[in-house]
Amino acid sequence: MIAFFNETSFVFPYHKNKVKQWVKQIALSEGKKIGDINYIFCDDVYLHKINVQYLQHDTLTDIITFDYTEGITLNSDIYISIERVRENADIFGVTFEQELLRVLAHGILHLCGYKDKTPADSEFMRTKEEEKIKLFSL
């Protein structure tokens with residue numbers, strides 16, 4: 001089951017059932033299936049506290065993915081800072097909606113085993129994000 005929660009005022013710009021189907025499609029395209037995925041939309045302050053408390057990182061980030069995957073079944077709490085998504089959209093010259101899709105896919109790709117700690121891994125992750133975004137049709 002895929003669920004969406006808000007810890008900040010935020011209006012989800014897409015039909016949620018369509019996004020749920022897309023997320024399932026991403027998982028299937030990687031040989032995985034969806035278990036329980038919780039997307040929690042928050043602000044910078046909320047996500048920064050989580051980053052410091054659980055990861056000991058005193059930085060702002062757009063997404064934190066807690067991986068509870070069992071075998072091929074993806075389970076996770078995925079926290080997304082709406083403020084970071086908005087800022088990154090401006091930096092990358094894309095719409096907020098496009099950047100949100102990238103981040104939604106990014107969390108699932110982490111669950112599928114993709115990393116982004118090295119420049120090469122980050123580049124490959126970006127390629128996978130673009131591949132998965134193309135699966136989403138308005």
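A: Cys42 has a relative accessibility of 0% and therefore counts as buried (under 20% relative accessible area, with a 1.4 Å probe and protein chains only). Cys112 is also buried, at 14%. The number of disulfides is 0, a disulfide being a pair of cysteine sulfur atoms within 2.5 Å. The model is predicted, so local features need pLDDT of at least 70 and side-chain atom pairs pLDDT 80 or more, whereas totals for chains, interfaces and linings use all residues. Residues are numbered from 1 along each chain as its sequence is written, and side-chain values use heavy atoms, without hydrogens or water.

The largest pocket holds about 650 Å³ of space. A pocket is an open set of points on a 1 Å grid over the protein atoms alone, where a 1.4 Å probe fits, with protein on both sides within 12 Å along at least five of seven lines; lining residues have an atom within 4 Å of a point. Volume is the space filled by probe spheres set on the points. Of its 26 lining residues, Ile63, His106, His110, Asp116 and Lys117 lie nearest the centre. Two or more lining residues come from each of α2 (44-55), β3 (63-67), α3 (82-92), α4 (96-111) and α5 (119-133). By class, this lining comprises 8 nonpolar, 9 polar and 9 charged residues.

The second largest pocket has a volume of about 200 Å³. Among its 13 lining residues, Glu97, Gln98, Glu99, Leu101 and Ile133 are closest to the centre. Both α4 and α5 supply at least two residues here, and α4 gives the most, with 5. This second lining divides into 7 nonpolar, 1 polar and 5 charged residues; nonpolar covers Ala, Val, Leu, Ile, Met, Phe, Trp, Tyr, Cys and Pro, charged covers Asp, Glu, Lys and Arg, and the others count as polar.

Definitions and conventions: Helices (H or I, at least four residues) and strands (E, at least two) are DSSP runs, numbered from the N terminus. Buried means under 20% relative accessible area, exposed over 50%, partly exposed in between (1.4 Å probe, protein chains only).
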